[in-house]
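Me: I would like to learn how to read a model like this one. Please take the features one at a time, with the general idea before the case.

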Amino acid sequence: MKLNERSVAHYATCDSPTDHAGFLHKRVERHHHHHHHHHHTTSYHRRWFILKGNLLFYFEDRESRDPLGLVVLEGCTVELCEAAEEFAFAIHFDDAGAKAYVLVADCQATMEGWVKALSRASFDYMRLVVRELEKQLEDARKSLVACHKSPRKSSSGRKRHLSNPAMALVQEQPPILENGYSTWGSGYIPAGASCSDHDGGFSKPPPLPPRRRLAAGSGCGALATGLSLTGQESPVSPETACFSKLHNWYGQEIAEIRREWLESQRSGEL
């Protein structure tokens, strides 16, 4: 097979963003033939790995400019190895003839990081994500259209000037989650509330959701779950084909920051 090796090697070490990098031990099996006996030895070579898109390069060392090899991560699965080695995982290819790559990390966290990065590297995975995002976009468009069609009480004589039309949607109707609560806690911005009045003075920030409801852990909207979620790791995983989960997770951080800001505003007023 012909391959433009030089440009591939250049891509491996140029400044384009790297998705994951680090040292791993690569298992090497050698087969020896000695007068009718053949046995094989297994050794592990420490190599520097760089993942860019769906291409996994490996080098002799971190400073090396020329990759020793390249694994194209398509039509493959990444799974943990119940091998003798601890923290081992393997890249298996759907094509029966292709050899699996067995790699060993130096700790649990490094192994998990690699398994996650490699399982999301394929074009197939990207296609799933893009499909999900397209679906979300389409749903958002539909609800925007529905929002414009429905008559609104809030359209008083005064027109609001918003630089970002998408903000209008957030103001009139906080996004609703599956559990029936808006991303921002209950009623983030009351319908028709304007962010700033025309004389340049800021209208009073919306009231906080009642404390009691936050304290009782009875599913009180995203804020409460947000607090319990802090300190946990991001919900991204090869199984998370669901963008909204991610969106809510990052949204909780914002909701939390906003809550603190409201607190500081309040204590300033007293």
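Reply: Start with salt bridges: a salt bridge is a side-chain nitrogen of Lys or Arg within 4 Å of a carboxyl oxygen of Asp or Glu. Side chains of opposite charge can pair when their charged atoms come close. This is a predicted model, in which local features need pLDDT of at least 70 and side-chain atom pairs count only at pLDDT 80 or more, while totals for chains, interfaces and linings use all residues. Residues are numbered from 1 along each chain as its sequence is written, and side-chain values use heavy atoms, with hydrogens and water left out.

Me: How many salt bridges does a search of the whole structure find?

Reply: The search finds five salt bridges. One of them joins the side chains of Glu-60 and Arg-47, at 3.5 Å from N to O. Glu-60 is in the loop between E3 and E4 and Arg-47 is in strand E2, so the pair ties together parts 13 residues apart in sequence. Helices (H or I, at least four residues) and strands (E, at least two) are DSSP runs, numbered from the N terminus.

Me: Is Arg-47 buried or exposed?

Reply: Buried means under 20% relative accessible area, exposed over 50%, and partly exposed in between (1.4 Å probe, protein chains only). Arg-47 has 14%, so Arg-47 is buried. Glu-60, at 47%, counts as partly exposed.

Me: Which residue forms a salt bridge with Asp-139?

Reply: Lys-135 does, with the closest N and O atoms 3.8 Å apart. Both residues lie in helix H3, four residues apart, which is about one turn of the helix. Glu-138 and Arg-141 form another salt bridge, at 3.7 Å between the closest N and O atoms; these two also lie in H3, three residues apart.

Me: How do I read the pairing of strands?

Reply: Two strands pair if DSSP finds at least two bridges between them. Here E1 and E2 are antiparallel over 15 bridges, and Val-28 has Ser-43 in E2 as its bridge partner. E2 and E3 are antiparallel over five bridges, with Trp-48 partnered by Phe-59 in E3. Strand E3 (residues 55-59) is joined to E4 by four bridges, again antiparallel, and Phe-57 stands opposite Leu-70 in E4.

Me: What are the covered and uncovered faces of strand E4?

Reply: In a regular strand the side chains alternate between the two faces of the sheet. In E4 (residues 69-72), Gly-69 and Val-71 form the covered face, and Leu-70 and Val-72 the uncovered one.

Me: Which residues have a positive phi?

Reply: Most residues other than glycine have a negative phi. Phe-87 has a positive phi near 60° and sits in the loop between E5 and E6. In the hairpin of E1 and E2, with two residues between the strands, His-35 has a positive phi near 25°. Gly-53 has one near 60° in the hairpin of E2 and E3.

Me: Which residues of helix H2 are buried?

Reply: They are Met-111, Trp-114, Val-115, Ala-117 and Leu-118. These residues pack against strands E1 (20-34), E2 (37-52), E3, E5 (76-80) and E6 (88-93); contact means heavy atoms within 4.5 Å. H2 (residues 108-119) has 12 residues and reaches 16 Å from its first C-alpha to its last, close to the 16 Å expected at 1.5 Å a residue. The expected span is 1.5 Å times one less than the number of residues.
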